[in-house]
Amino acid sequence: MLKKYIPIFCILFYQLFYAQNKLLIPDTLSGNNFNLIVENGSISFYPNIQTKTIGVNGNLLGPTLILYKGIQVQMNVKNNLSDTTTIHWHGMHIAPENDGGPHTVIPPGTTWNPKFTVMDNASTYWYHPHLHKKTAEHVTKGVAGFIIIRDDQEAKLNLPRKYGVDDVPIVVQSRAFDVNKQFIVRSELDSVILVNGTKNPYLQVPAQIVRFRLLNGSTERTYNFGFTGNKSFYQISGDGGLLNAPVLLTRLRLAPGERGEILVDFKTMQGQSIYLMSYASELSNGIIGSSSVGMGGSLPDYSNNKLNGTNFNILKIDVIAPTQNPITIIPSSLILNTPFSLSSANVTRELTFTSIGGMMSATGPFVINGTPFSMENINYNIPLNNTEIWELRNQTLIAHPFHIHDVQFYLLTRNGVQVPLNERGRKDVVLVEPMEIVRFITKFEDFTNPTVPYMYHCHLLTHEDDGMMGQFLVTSATEIEEEKTSLPNDFYLYQNYPNPFNSSTIIIYQIPFESFVTLKVFDILGREVTTIVNEFQKSGKYKLEFSLPSSDISSGLYFYRLQAGDFVQTKKFVFMK
Ligand code: C2O
Ligand code: CU
Ligand code: CU
């Protein structure tokens, strides 16, 4: 008798207590000048408990930046934390010094003011911190925001574009909470799903064609997006631009960092509810979120996490009355993507992923080409305008979402087979499954910098922080020439001890002739930080205390330049407070 009522009670309970929070839609900022303040905050995810957070212009996440291709923007990023951070514009084609990677730190209390022209195609991008070893922490605490880029080609298409109404940004993030309901940065027990920072969310959509801009903003978990009852939808955009035509799907797998815009037809569903779900039971082994990772589930707590390998709801969608002038048709074609031709490739680079904890290890640490990331080591020097094929070889039992800065790429093959239609647009993240070989082609255009590198890394943020990252310089031919210029061998400049530099590092140099000598320190943007020597000197060997004014300069990458007469030598160094 009682049994009969249990299902009804469960449904009631579900409706009252499960999908109870209206999905938060981030505010938008647009124009040319953007003020972003990274600050501490708190949110009540659980009754009467405040969870400590970090947000941009608020408690959690940040405003959506609406940018138009071709315009110049000025970003003013103020760091109100007591910790250094950075802000990276993920997916955008920007000069290295404006990209916000780990070398471009924003110390506490300071403001970073990059200025750049938006060169990217219309799509969904995002911003997040990128401080070396702290990316996972800062993102988990809440720093992330959408960037929506619009352009003329997209504007001509009959697509939903009413932000928050029929064009909805959706960032999905899983979180683990400790007993005090504070975020845990590293845990396999990430059992709470937040959508736009909302726990147990629901969203009202009009009964028409609706565009969802899906972003996987999780540190590790992959989602296999779909709807209740396998309702189909169309993918229209990958990471960095529209596809040639909408692709009909019932599942869209997105790994951390990946974006996908989809169109869903709700025309006949007014008054009904449906869920955006993750069909995680269908994910292949080795992908975080699937039923098993590594041999025998070797990640601690992995098998105790109820989300792994099960299908679960992410967002409740209630279909309401259509808007005025609704979009009712799915366009038959979008834009024309023209991938770089294979014959134009100057070089093929192989990047092999291995675990230095042993082949069978699911915990790593994982490395690319055998070496963990080092701030001081440049992994590749790429000539400007090179077209390159990168071959990613995953020799581990865990799937890694590979991401590269500066460029968008076109996927060529997965294990020698051409990728499916929905992966043939411009991309900046690709999930490489265990033992899989993925090839892509890209071109390094427009920006060079002899000292500030771009990053490539695994977008599982814990792997990135643990060293599954590398960096490359894009340099013009003349810059490479200059680096190769040989100096008289009695003209020396070298660092001595300690390394990295601190405020009492000793350096020694030798000059072969009497001349006017300067030794200056510059930051990565080429601004002079301090002059150490500026005088006429006799030939000989000089030893001096580097004595950087550590109160004025922050930890990071710098370079120093010794000039004696016509001879110049420049060296890069890392300064640690
Ligand atoms: Cu989304 Cu290098 O990061
Ligand atoms: Cu990025
Ligand atoms: Cu990884």
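Trainee: Where is methionine 435 placed?
Mentor: In the loop between strand 32 (429-432) and strand 33 (437-443); strands here are DSSP runs of E, at least two residues, numbered from the N terminus. Before we go on: this is a predicted model, where local features need pLDDT of at least 70, side-chain atom pairs count only at pLDDT 80 or more, and totals for chains, interfaces and linings use all residues. Residues are numbered from 1 along each chain as its sequence is written, chains are lettered from A and ligands numbered from 1 in the order in which they are written, and side-chain values use heavy atoms, with hydrogens and water left out.
Trainee: What's phi for methionine 435?
Mentor: Near 65°, a positive value in a residue other than glycine. Methionine 435 counts as partly exposed because its relative accessibility is 46% (buried is under 20% relative accessible area, exposed over 50%, partly exposed in between; 1.4 Å probe, protein chains only).
Trainee: Switching topic: which residues coordinate the copper ion (ligand 3)?
Mentor: His400 (ND1), Cys458 (SG) and His463 (ND1), at 2.0 to 2.1 Å. Donors are N, O and S atoms within 2.8 Å of the metal (3.2 Å for Na, K and Ca), and sites may look incomplete because water is not among the atoms. Along the chain, the spacing of these donors is H-x57-C-x4-H.
Trainee: Are cysteine 458 and histidine 463 buried or exposed?
Mentor: Both are buried.
Trainee: And why is strand 35 largely enclosed?
Mentor: Because seven of the seven residues in strand 35 (residues 469-475) are buried.

Terms used: Helix = DSSP H or I, 4+ residues; strand = E, 2+ residues; numbered from the N terminus.
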